[in-house]
Amino acid sequence: MNVRAVFIDMDGTLLKASNDISHRNKEAIYKLINQGVKVFLATGRHYEVTAPYHKEIGLRTPMICLNGASIHEADTGRAVHMKTVSLNEDRFHHLTSEHPCNVIIHTVNGLYCKKTDEEIDYWTKIGLIPPRYIGDLRLANYQDVLKFSVRTGAPSPELSAFFKQEAEVINWNDGFELLAPNVSKWSAIKRLLRELRMSPTDVVTIGDGPNDIEMLRNAGTGVAMGNASKEIKAVADFVTGHHEQDGVAEFIERYLLKSYNSMVI
């Protein structure tokens, strides 16, 4: 397996449920980097809650954030690419107001949300930047939206279907997300691969969620976590261990470190 780059999802993949990176996962990544392989984070999180983990591992590669809607430099955090999404705002707020849900709007300038919750409190703690606005979003003065997140607490394909003509829709078990058309982690990966002059066949992607499907399907090697759903596992080339049992390290140790050493020899 001639691998030059590995793109790793964070939640449900690299991180445990406690939002920690295990020692074993870190060690596997360090060894991979020492072999000359570039390691990237590709996440649905915004930059401020991605950067601390990027720094913890000591990565020097760009960060793919908000499911590909933004790419940030490693050293400065400067956004080198952003793709905003446009919706019929009145229609969006009317439809979401008819359902009991939280709405989170990620913009170029910060976070706007209908109400705070445990996850947003965690983001504030880790990223050190609170939401710019909490309340009725119809009254909020936001612009340059990178991602809309609607948290209904249950699968909501009937509601998300209203936006398929306007946006890229990612359906989750607890709601859905909206991005600009054709934006995904994979679209961001392709952009970076062009700059690095690498082929998709040189790449391994590791993930567990519906926002990882494109990158698992299109990379040279797609790896689904053991905790992923059947739908996610079906598009992957390999299935590794559960994220609570160091599934990322398991795959790297079993396939990448050994194969890379044998290739060099």
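**Group meeting: overall fold and aromatic pairs**

I will start with the surface. The accessible surface of the chain comes to about 12,500 Å², and carbon and sulfur atoms account for 47% of that. Please keep in mind throughout that this is a predicted model.

Of the 265 residues in the chain, 52% count as buried. The secondary structure consists of 10 helices and 14 strands. The radius of gyration is 18 Å, close to the 18 Å given by the globule rule for 265 residues, so the chain is as compact as a globular protein of that length. Taken along the principal axes, the C-alpha atoms fill a box of roughly 65 × 35 × 35 Å.

On contacts: if we take those with a separation of 6 or more, 55% are between residues 24 or more positions apart.

On charge: there are 30 positive and 33 negative side chains. The centres of these two sets lie 5 Å apart.

Now the aromatic residues, which take up the rest of my time. How many aromatic pairs does a search of the whole structure find? The answer is nine. I will go through two of them in detail. A pair of aromatic rings is described by the distance of the centres and the angle of the planes.

Take Phe-7 and Phe-40. Their ring centres are 4.3 Å apart and the planes are at 10 degrees; with under 30 degrees as the cut-off, the pair is therefore stacked. Phe-7 belongs to strand β1, residues 5-8, and Phe-40 to strand β2, residues 38-41, so this pair ties together parts that are 33 residues apart in sequence. Are these two residues buried or exposed? Both Phe-7 and Phe-40 are buried.

The other pair is Phe-238 with Tyr-255. Here the geometry is tilted, with 4.7 Å from centre to centre and 55 degrees between the planes. Phe-238 sits in strand β14, residues 238-239, while Tyr-255 sits in helix α10, residues 247-264, so a strand and a helix are tied together by a pair whose parts are 17 residues apart in sequence.

Which residues form it? The members are Phe-92, Phe-148, Phe-163 and Phe-176.

That is what I have for today.

Terms used: Residues numbered from 1 in each chain as written. Predicted model: local features only at pLDDT ≥ 70, side-chain atom pairs only at ≥ 80, totals over all residues. Heavy atoms only, no water. Helix = DSSP H or I, 4+ residues; strand = E, 2+ residues; numbered from the N terminus. Rg over C-alpha atoms; globule rule 2.2 N^0.38 Å. Buried < 20%, exposed > 50% of the residue type's maximum accessible area, 1.4 Å probe, protein only. Contact = heavy atoms within 4.5 Å. Areas by Shrake-Rupley, 256 points an atom, 1.4 Å probe, with all protein chains shown as cover. Lys, Arg positive; Asp, Glu negative; His and termini not counted. Charge placed at Lys NZ, Arg CZ, Asp CG, Glu CD. Phe/Tyr/Trp six-rings, centres within 6.5 Å; stacked < 30°, edge-to-face > 60°.
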